[in-house]
Amino acid sequence: MAGVAKLFDGHILHKSNQEVNLNDEKYRGKIIGIYFSAHWCPPCRGFTPILIDFYKKNKEDKNFEIIFVSSDNDEESFNDYYKDMPWWKLDYKERGKRNELASSFKISGIPALILLDGDSGKIICNNGREQIQFQDKNGENFPWKSEAHAKASKRCILL
């Protein structure tokens, strides 16, 4: 999983706050979702429960994991929002890494879910939120190859 591991420089944490070693053999072949979201964003709060449900139903069969990348303004809001999420997180203190990732993936609004090939780090799908919420709710075509231009949807603009 060197591809995704290089993107995060070891700042991914389990729910228990222990570091996730993305280079571990057990993560080979995984699809990694990068979930950009924030507590203050109404569309995010609407999509997060849908994503949690999708994740719980499909995590094992689809061989995927999600990393939450927060756009919250403070750590207290981040912790309050993250507490119900069942997946990994980018350490909140890594604001520079968050900004770098948002820039690299051209994230202009949230919520956004980007799917990556865990081994190479290459983008598989840049509109995962639209797929899960509107187009393929059961994930029959997961991991969805990206369309040239993702369908427009309600998002909070990042400043």
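Helix H5 is mostly covered in this predicted model: six of its eight residues are buried. The helix spans residues 128-135, and its buried residues pack against helix H2, strand E6 and strand E7.

**Helix H5**

- The buried residues of H5 are Gly128, Arg129, Glu130, Gln131, Ile132 and Gln133.
- Three elements pack against these buried residues: H2 covers residues 42-62, E6 covers 112-117 and E7 covers 123-125.

**Gln133**

- Gln133 is part of helix H5.
- Gln133 has a relative accessible area of 16%, so this residue counts as buried, the cut-off being under 20%.
- The side chain of Gln133 makes a polar contact of 2.6 Å with the side chain of Arg129.
- When neighbours within four places in sequence are left aside, the contacts of Gln133 are Phe47 and Ile50.
- Phe47 and Ile50 both belong to the H2 side of the contact between H2 and H5.

**How H2 meets H5**

- The axes of H2 and H5 are 10 Å apart, and the two helices pack at an angle of about 80°.
- H2 is therefore roughly perpendicular to H5, a description that applies to angles from 65 to 115 degrees.
- The residues in this contact divide into six nonpolar, one polar and one charged.
- On the H2 side the residues are Pro43, Phe47, Ile50, Leu51 and Phe54.
- On the H5 side they are Arg129, Ile132 and Gln133.

**The nonpolar core**

- The largest nonpolar core holds 48 residues, and the members that touch the most others are Phe8, Ile34, Tyr35, Phe36 and Trp87.
- H2 gives the most to this core, contributing six residues.
- Phe36, leaving aside neighbours within four places in sequence, is in contact with Val69, Leu101, Ala102, Phe105, Ile107, Ile110, Pro111, Ala112 and Ile114.
- Among these partners of Phe36, Ala112 and Ile114 fall within the range of strand E6, residues 112-117.

**The whole protein**

- The protein has five helices and eight strands.
- Along the sequence, these elements follow the pattern α-β-β-α-β-α-β-α-β-β-β-α-β.
- The protein has 159 residues, of which 48% count as buried.
- Among contacts with a separation of 6 or more, 64% are between residues 24 or more positions apart.

How values were computed
Residues are numbered from 1 along each chain as its sequence is written. This is a predicted model: local features need pLDDT of at least 70, side-chain atom pairs count only at pLDDT 80 or more; totals for chains, interfaces and linings use all residues. Side-chain values use heavy atoms; hydrogens and water are left out. Helices (H or I, at least four residues) and strands (E, at least two) are DSSP runs, numbered from the N terminus. Buried means under 20% relative accessible area, exposed over 50%, partly exposed in between (1.4 Å probe, protein chains only). A polar contact is a pair of N or O atoms within 3.5 Å; within protein, one must be able to donate a hydrogen and the other to accept it, and residues adjacent in sequence count only if both atoms are side-chain atoms. Contact means heavy atoms within 4.5 Å. A nonpolar core is a set of buried Ala, Val, Leu, Ile, Met, Phe, Trp, Tyr and Cys residues joined through side-chain atoms within 4.5 Å. Axes are lines fitted to C-alpha atoms, for helices over the stretch in contact, and angles run from 0 to 180 degrees between N-to-C directions. Angles under 35 degrees count as roughly parallel, over 145 as roughly antiparallel, 65 to 115 as roughly perpendicular and the rest as oblique. Ala, Val, Leu, Ile, Met, Phe, Trp, Tyr, Cys and Pro count as nonpolar, Asp, Glu, Lys and Arg as charged, and the others, Gly among them, as polar.
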